[in-house]
Amino acid sequence: MKTLITNADVVTLAFGDGEYISAEVVLESDIAVAEERYIRPIVGERLYARLLDGDYDTLRTDYVAPALAMAVRTMIQPSLNVRTGQAGLSISASLRSDSSTKSAVEGLQRSLVRRRRALCRRLSNYLSNHASEFPEYDRDCDALQHCVIDGGYIQTC
């Protein structure tokens, strides 16, 4: 399976200093699903194919990769918050930590989703503003140029 970034790229771009995780935690299928769900609706089929072929390296590196890496992180973060093993699911907790742990987990996820949305919007706006540089890009096929979700409200253009 060919993807736009590697699992090491996801760790480098979407996890900050002190947030160590092994690159092997990020599956190639996680990246492929994030591309399908978040990147292809922005770039369109023709530009996506060119990116997969290695074209437009600056676009891929500066705009696509950060958005894609954060999309992968928002997808896998819930599974990183818990561990599974021979005995099943285990959640590290201490006395009276349930509510603070739950609010911290929810706050982290909201923050990651906001970052993903901002990075995807940044990619979409860059493509729209520089469409002449990317003949395969079709603004009419860019979902974020036609639909925005703000505060839980869907707005179409």
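Because the model is predicted, local features were considered only at a pLDDT of at least 70 and side-chain atom pairs only at pLDDT 80 or more, while totals for chains, interfaces and linings use all residues. Residues are numbered from 1 along each chain as its sequence is written, and side-chain values use heavy atoms, with hydrogens and water left out.

The protein chain contains 4 helices and 4 strands, where helices (H or I, at least four residues) and strands (E, at least two) are DSSP runs numbered from the N terminus. Read along the sequence, these elements follow the pattern α-α-α-β-β-α-β-β. Of the 157 residues of the chain, 36% count as buried; buried means under 20% relative accessible area, exposed means over 50%, and partly exposed lies in between, with a 1.4 Å probe and protein chains only. Among contacts (heavy atoms within 4.5 Å) between residues at least 6 apart in sequence, 69% join residues at least 24 apart.

In soluble globular proteins, nonpolar side chains tend to be buried together. A nonpolar core is here a set of buried Ala, Val, Leu, Ile, Met, Phe, Trp, Tyr and Cys residues joined through side-chain atoms within 4.5 Å. The largest such core in this model has 39 residues, and those with the most contacts inside it are V43, L59, L123 and L127. The elements that give two or more residues to this core are α1 (7–14), α2 (28–52), α3 (57–80) and α4 (98–129), and the largest share, 12 residues, comes from α3. When residues up to four places away in sequence are not counted, L123 touches I39, I42, V43, L59, Y63 and V64.

Two packed helices are described by the angle between their axes and the distance between the axes. The axes are lines fitted to C-alpha atoms, for helices over the stretch in contact, and the angles run from 0 to 180 degrees between N-to-C directions. For α2 and α3, the axes come within 6 Å and cross at roughly 155°, and the two helices are therefore roughly antiparallel to each other; angles under 35 degrees count as roughly parallel, over 145 as roughly antiparallel, 65 to 115 as roughly perpendicular and the rest as oblique. On the side of α2, the contact is made by D30, I31, V33, A34, E35, Y38, I39, L47 and L51, and on the side of α3 by L59, R60, V64, A67, L68, A71, V72, M75 and I76. By class, this contact has 15 nonpolar, no polar and 3 charged residues, with Ala, Val, Leu, Ile, Met, Phe, Trp, Tyr, Cys and Pro counted as nonpolar, Asp, Glu, Lys and Arg as charged, and the others, Gly among them, as polar. In the loop between α2 and α3 lies Y56, a residue other than glycine whose phi has a positive value, near 55°. Most residues other than glycine have a negative phi.

The axes of α1 and α3 come within 8 Å and cross at roughly 90°, and these helices are therefore roughly perpendicular to each other. In this pair, D9, V10, L13 and A14 of α1 meet A65, P66, A69, M70, V72 and R73 of α3, and the residues of the contact divide into 8 nonpolar, no polar and 2 charged. V10, which is found in α1, counts as buried at 0% relative accessibility. Leaving aside neighbours within four places in sequence, V10 is in contact with I5, F15, V26, I31, A69 and V72; the C-alpha atoms of V10 and V26, 16 residues apart along the chain, are separated by 7.6 Å.

L80 lies in α3 and counts as buried at 17% relative accessibility, and, apart from neighbours within four places in sequence, L80 is in contact with F15, I21 and V25. L80 and I21 are 59 residues apart in sequence, with a C-alpha to C-alpha separation of 9.1 Å. In α4, C120 counts as buried at 6% relative accessibility and touches Y38, I42, A67 and L144, not counting residues up to four places away in sequence. S124, which also lies in α4, is buried with a relative accessible area of 0%, and, with the sequence neighbours up to four places away not counted, S124 touches I42, Y137, D142, L144 and Q145.
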